[in-house]
Amino acid sequence: MKKILAILLILVLVLGMMVGCSTDQPAEEPAEEPSEEPAEGSDEEPAEEPAEKNYEVTVGLAGDTLALDPYVYNETISNAVLQHMYEALILTDNELNNVPGLAEDWELSDDLMTWTFYLREGVEFHNGNEFNADDVIYSFDRAQEPFSKWTNVFGTVESYEKLDDYTVVVHSSSPDVIFLSKLRDLVILDKETFEGKGEDFVALNTNGTGKYRLEEHVKEDRIVFVRNEEYWGEKPQVTKVTYKPITNDATRTANIMTGDVDMVVDVPVRDVEILKTNEDLNIIQQPSLRNIYLNYAGWTDNPSPDAEEPIISPDGSNPFQSIEVRQALYHAINVQEISDKIMNGFSTPASSYSPETYVGFNSDIEIPEHDPELAKQLLDDAGYPVQESGELEGYRFQVTMDAPNDRYVNDADVAQAIAGYLERVGIKVNLNLMSRNVFFTYIRGTNPMGDITHFLMTGWSDSSGEGVTLASDLLYSHDQTGPVKEGFGGVNRGYYKNEKVDSLIDEALATSDVDDRDELVQEVWKIASEEVAYIPIHFEQDVFATNSKISYDPRPNKYIYAWDIEVLE
Amino acid sequence: MFKFVVRRFIQMVIVLLIVSVIVFIFSSLIGDPVSLMVPENATQEEIDAAREYLGLDKPVFIQYGIFLKDVIKGDFGLSYRYYQPAMKVILERVPATLEIVILSAIITGVFSIILGVYSGAYPKRKTSKVIMVFSIAGISLPSFWLGMMMIFVFGIKLGWLPPSGRGDLGIFLGINSSLFTIDGLKHLILPAVTLSMVNLATIIRLTRAGMQENIRQDYIKYARSKGVSRRDVLYRHALKNTLIPVVTIFGLQIGGLIAFTTITETIFAWPGMGKLLIDSIYSADKPVIVSYLMVVSIMFVVINFLVDIIYVIIDPRIDLK
């Protein structure tokens, strides 16, 4: 017994000494993670030139990039983080316009079927390998493997080939003028480094051409980049950037308040007022690209056949098929009040799916006035009077509204408010709120449980800058049984059907002139709005906070890049 | 002793098999990883390709068979989220969690025994009453609230400690840990204290109850009348007899701490195992969930084994057989 106690005591003492020892050597080196990065790092000298000043910045993100392989994820945080190291053929400027990246120039043939990319010469990967057409072909091939999330980039691509070391040609199966905007997040990997290696290798090792090199990645703790001094283009000011994933909203706020990070993303709406009282902090806001909207199965006689809680209407009809009903729904909902009261002003009411900055945005479309009386009138006219008896007593008809409760800002509250507005005009709403990992399976057309949703609230965004991309996902005709045209209407969850819209979208995809395309897509939004194909609620707001050490100019797509951060002297 | 170890080992294998079957079947039911992995506008073809890639197109029992093969290979299958062997993903996270658990266990062990013995020996003193109030508070306060308050007070208002994250790592005896640097310890204090609070309160109450019962026993009076000092009586005689239930509970608590530090780790953005588990559940990352729970089961079996051995040390009358 005594022996054991003695051993324990010694252990404690040793531990105490270890702690004491490290006190004496504060200059202890931050530990290397040798297993993280065998390909790089070891042979790299830290890029330090005494003549130049070091600008270091720490940013708190809402999540981590899970793998360093750019193809296994396609979402905002991973894309933005990995694009520090990897570059695409096409890059974007601050307004999401296409600018030359690894492709110096490109051209589209007159029949709109062939893209030719002229690659930049003299570009080196981080390990010194030369960049050329083989890397592009390899990357395109790899982006179509089953694990890749980028297969839809190649939806309209028939084939591609290398003409010479610095020319790549892509042949389309149908005209696709917005192919460029799909390409610009598809980064290029080094063939020599990655060919023949498994996903587990690519998930840990990097070798790109980007403005930054990876210094360290500790999962869920930090990812550190240092400036690539051999970069082919203009070098950014920030020499070292550390991204910290801090998933808990309040903890992120605390970190900017204590100065442990210089900038945070996704500031929770409730914390903005507190942060504003701190003079050292700046709040930056912009409307996000994400539209929150309502979809209803209004273009089918048999909505949600497999649902446990189907639509109940007095005569068994599908009320969403009536345009008066759809108009009534829109008039019943007070979009402005949702923005003011639920979102605390941190949202921008939307008139269509399209953000203002996108090609094809139609500024003539207005949000219908909130008018419950008119809504009731329209519902009466549509043949859905308030029932005097039966299971619908006091109501016109009953629907089930599916919505997530942990995916979008205040999503459950917004859904509850909408249900409330609809109840007020006599529509009985079963609110079916669920977690995001259930929700997106639930509302998918290919749900193994069958077709179980007829009315839902969800969100959608893409960062293409092109309204036609939005329209081809959200509005292109899609049958209840499957797509009308492969790869189109993938999230047209109300089975909206309009041949005019389809042909306008097809035409826009084959129109290379931006102004002409703009006109065509404006027409799409106009038709959809006249038919009330969906009810847009609002765009969420992106909220950032920075301290006075830096200034930051956000991008519309919320991609955080170190080269958009300026360290103030 | 040897026989005892072998028996425990066989028990462990059986427990693991049962756990893996149960978890495998249930995690097949909780959500469809494929629909979380493919884009929302994916075509049926893309969905099918992803399903085949993950091997989810096969019946569950064949998937389980493949999993068992991966277990024997030692990598426990490829994580759907990290594209790394599941076991590697888990083991990478172990040191971070062990750090806060070790510190938390030291805080709990030292303070709860001292405070528990004191308040048990002198229940009428004011200090004892304060300790009891504190322990009730410790049991009732939820850790997410406590964690946030810690950050607010010590991180923001006083500015003494960093609000979150793991600090610099130091190397000692080849072990890479944030326990060995000042910066690392600073980052450790808040999560470790938050994690200790509930256990601290429980053990104080347990020790106190045991002490109160023991000091009324005759052998204490004998010891005192024999001339043993008050302190020796308390800490050597009474405490020893109090410790058996305390050690049992303490062992279980440590296991619980290692396995399920989820909330504390999420609040303090601590890159440990608890956070890994909750993230994996959210994204239906079956290989990680199953491997994780198997690791946890192994750990509980081992901890219980160690507790059994400590029993023998504390009370030689107990026989392992």
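Contact here means heavy atoms within 4.5 Å. This is a predicted model, where local features need pLDDT of at least 70, side-chain atom pairs count only at pLDDT 80 or more, and totals for chains, interfaces and linings use all residues. Residues are numbered from 1 along each chain as its sequence is written, chains are lettered from A and ligands numbered from 1 in the order in which they are written, and side-chain values use heavy atoms, with hydrogens and water left out.

**View 1. A:Thr92 and its contacts.** Leaving aside neighbours within four places in sequence, A:Thr92 touches A:Asn97, A:Val99, A:Arg184 and A:Arg555. You'll find A:Thr92 in strand S2 (residues 90-92) of chain A; strands are DSSP runs (E, at least two residues) and helices are too (H or I, at least four), numbered from the N terminus. A:Thr92 counts as buried because its relative accessibility is 18%; buried means under 20% relative accessible area, exposed over 50%, partly exposed in between (1.4 Å probe, protein chains only).

**View 2. The buried side of helix H6 (residues 126-140) of chain B.** Look for B:Ser128, B:Ile131, B:Met132, B:Ser135 and B:Gly138, which are buried in H6(B). They sit on the same side of H6(B) because they cover an arc of only 120 degrees around the axis (the arc of the directions from the helix axis to the C-beta atoms). The buried residues pack against helix H5 (86-121) and helix H8 (182-214) of chain B. Turned away from that side are the exposed B:Lys126, B:Lys129, B:Val130 and B:Val133.

**View 3. A salt bridge between A:Lys219 and B:Glu92.** Their side chains meet at 2.8 Å, N to O. A salt bridge is a side-chain nitrogen of Lys or Arg within 4 Å of a carboxyl oxygen of Asp or Glu, and the rule finds two across the interface of chain B and chain A.

Terms used:
Expected span 1.5 Å × (residues − 1).
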